[in-house]
There are 2 protein chains.
Amino acid sequence: MTEKLLGYKGKALHFLKEVEAEVGDTIRVSKGKGTYEGVLIPRSEFSDGNHVVIKLKNGYNIGILVTQETKIERVGAGQKPTFSTSPLPKQQEELPEVTILSTGGTIASRVDYRTGGVRPALNANDLYSIVPELSEIATIKAEILYTVFSENITPKHWIKLAKEIAKNIKEGVAGIVVAHGTDTIGYTAAALSFALQNIPVPIVLVGSQRSADRPSSDAATNLIGAVTVASKAPFAEVVVAMHRTTSDKAIALHRGTKVRKCHTSRRDAFKSINTLPLAILEDGELRMLTQDYQRRNPKREVIVKPSFNEKVALVKFHPGLNRGVIDWYLDQGYEGIVLEGTGLGHVSSQCFATLRRAIAENCLVAMTSQCIWGRVNMNVYDTGRDLIKIGVIPLGDMLSETALVKIMWVLAQTKSVDEAKKLLAKNVTHEVSDRTVYQDYER
Amino acid sequence: MTEKLLGYKGKALHFLKEVEAEVGDTIRVSKGKGTYEGVLIPRSEFSDGNHVVIKLKNGYNIGILVTQETKIERVGAGQKPTFSTSPLPKQQEELPEVTILSTGGTIASRVDYRTGGVRPALNANDLYSIVPELSEIATIKAEILYTVFSENITPKHWIKLAKEIAKNIKEGVAGIVVAHGTDTIGYTAAALSFALQNIPVPIVLVGSQRSADRPSSDAATNLIGAVTVASKAPFAEVVVAMHRTTSDKAIALHRGTKVRKCHTSRRDAFKSINTLPLAILEDGELRMLTQDYQRRNPKREVIVKPSFNEKVALVKFHPGLNRGVIDWYLDQGYEGIVLEGTGLGHVSSQCFATLRRAIAENCLVAMTSQCIWGRVNMNVYDTGRDLIKIGVIPLGDMLSETALVKIMWVLAQTKSVDEAKKLLAKNVTHEVSDRTVYQDYER
């Protein structure tokens, strides 16, 4: 390996040396019917020896398999790539310690040059090679806990993650960052909010909507924001750190129980619902949007309650819903059902008989709204009053996703239905707002 | 009955006459421990003779049962109430004809003064007494089709409604207004968009978030807007007419397949998702926001396809989802399933086996996103590609609610799975946007 051809080995290195190409040069690679021109970029020490990787003019990187047919030309000394090609930066001893736990997802993945697909694979070295700035903010301990797409995360993963975070907190770190796929990061953030109480330092979940290889990636900005917050924010809460807008200007810190992915692909996909974000990080300055938060206090002892009852379902109501599906859940011994009702918290009166059965069988049935914004109010219309009489519990402005997680958690804390109802009625970790504040609802 | 005490009769009339109170006067009513002061307001010809109704200072109306203990004082000549106390306005012959079909909901209800609850009950006379302006816009034919809360509306209601609209269209009206509860107005609007094609005139669904008796009611503004659009809009499409903002300034006309109730209680609860509204009505002026729409043309012949297959389910994915619920639907002979997946269109790989079974059994399985905004793209990640290989159909930026309705409709048009897939892939009535435009997503 040579500094000028960092990370290249085997056949690829041989081909590049032959034309005296260096990292940063513009090269042209011809193979079969395809010709690609771009800036030669360095590879990590784990790369194979069979691919040459170039950054195309459109900003995307592609990897080209080198074969006997491949022809490489050095077109000229191009612009140097913008990322660091130097060895891993030295950790500075006096910086706060932050643990990064990786669970998978786009932020912890790179494009697989052979298939063009995005694959989860990121170790601590990869992290630094993508975001060298991290070493100036904190002393990082990186750990791969899982390598799973977040749609495959289950309550069992939440449990292991909560325990691992607690362990790291007890070791005295200044904060925790959890790299997580964005698809279900909101559910996991809610789970950690309930499972880890009285926390002394921030727990910051972070994801990215575009992988680190893409020019539009939000991975680096989000990760820098997350590590900054974990290392020095004044609060000790569970938050999700994601782009505030489509620009790289600001990172929003959303409370774990109030955040929702509201867009499939935009970098500002995450919104605090019915409330403002807890804080905004902009130009390195952290601005708290409320004074009602738990302060950072390293002496506080974390309370760990990492258990979830998986016999809880989320049922979205719709015209024509077959109430038999609720009966099926009851037949399976489900102990909790979150109804995602319409408007102020309604379902069809055709469901009433089955809901009566659920209550009679000590199943906890709670109501949220598929409107997402606003809060259920079951005192306005007959349907709501009927549902309350049946025993359905209105959940205020709680998100249906958070309600699912909370009831899973509540039903793992106690076997008594009365105790469970009390715990459900208690605002444990900001999951219900007393007053509704709109972040993004109004035009 | 006297003009000065319009609508009062029986005991209530007797008590008011005794103190020489007139409609518009400020009166004080004492009864037991309660004393209420406010402006005496008129009652409809259908009112009972036992209640006195006053508008309190806070703007709310209350009805007080008159008994032997009741004491009424006339405090003074108050401000006249703002609504008309004149007899029903005369219909003007030369105005366009509009049919208002009432299905129930808040816009077609009044507060029941005895219980304080909102009850559905509105006939054509009530309509005029609440919104006398209507008679200046169109010649109205009002018809009560149902009196149901919209959470109780089922596909069977859609069928009857579609047929009734078609009948009225064939009779040559200038437009149709459908008064509907807001909870499921979006589902019904989608249903009518598929069931009634090639329509010659506008079909305008309208609801209200606050009942007509409340000072903050949006009923009158929305209804005036809906009738205006039905009578003279240049387009012939199915739209939902609701407040554009929280002020009474503008009414948005949302396309029936792209609209969603996004707030439990705000007057601007309805949003066009991934697209702009079709038009805005502001200060009596209708402004089209696109030129890509079907023009009004009274000669066009409506195509009526009012059938829906109820064996279609909407399943919202969540961590810990029991895939057995999908098996249960298949066991019941369901022919279509809409998955409301995460992010770009994902569900856990634990569901794959059941989805394979669904496809093998000729069940149509389609993917939407619980993010709501954006569009599914199942080519980015392994999970998406796997789901496509299994046979799950990505639905672009179609709302999950619209997808449910469309598949119910598609599976009632053909018994062939291949034909159904072709129809599902076709953009029938703007349910998929080629290009995403954001109305309310950005800050």
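Okay, let's start inside chain B: the axes of helix 7 (residues 324-331) and helix 8 (residues 352-360) of chain B come within 9 Å and cross at roughly 15°. Axes here are lines fitted to C-alpha atoms, for helices over the stretch in contact, with angles from 0 to 180 degrees between N-to-C directions. Helices (H or I, at least four residues) and strands (E, at least two) are DSSP runs, numbered from the N terminus. That angle makes helix 7 of chain B roughly parallel to helix 8 of chain B, a label for angles under 35 degrees. Their crossing is left-handed, so the near helix is turned anticlockwise from the far one by less than a right angle.

Which residues in helix 7 of chain B meet helix 8 of chain B? They're I326(B), D327(B) and L330(B), and across from them sit T354(B), R357(B) and A358(B). "In contact" means that the C-beta atoms, placed from the backbone, lie within 7 Å. Ala, Val, Leu, Ile, Met, Phe, Trp, Tyr, Cys and Pro count as nonpolar, Asp, Glu, Lys and Arg as charged, and the others, Gly among them, as polar.

Quick housekeeping: this is a predicted model, where local features need pLDDT of at least 70 and side-chain atom pairs count only at pLDDT 80 or more, while totals for chains, interfaces and linings use all residues. Residues are numbered from 1 along each chain as its sequence is written, and chains are lettered from A and ligands numbered from 1 in the order in which they are written.

How confident is the predictor? The model scores ipTM 0.81 and pTM 0.81. Chain A has a mean pLDDT (confidence in each residue, from 0 to 100) of 87, and 86% of its residues reach 70 or more. Over residues 79-88 of chain A, though, the pLDDT is below 50, and this stretch has twelve contacts beyond near neighbours in sequence.

Now, the two chains together. The contact takes 57 residues from chain A and 56 residues from chain B. On the chain A side, strand 20 (312-316), helix 7 (324-331), helix 9 (382-390) and helix 10 (400-413) each supply at least two residues. That side divides into 23 nonpolar, 22 polar and twelve charged.

The same surface serves both copies, as 98% of the contact residues of chain A recur in chain B.

Methods
Two residues are in contact if their C-beta atoms, placed from the backbone, lie within 7 Å. pLDDT is the predictor's confidence in each residue, from 0 to 100. Angles under 35 degrees count as roughly parallel, over 145 as roughly antiparallel, 65 to 115 as roughly perpendicular and the rest as oblique.
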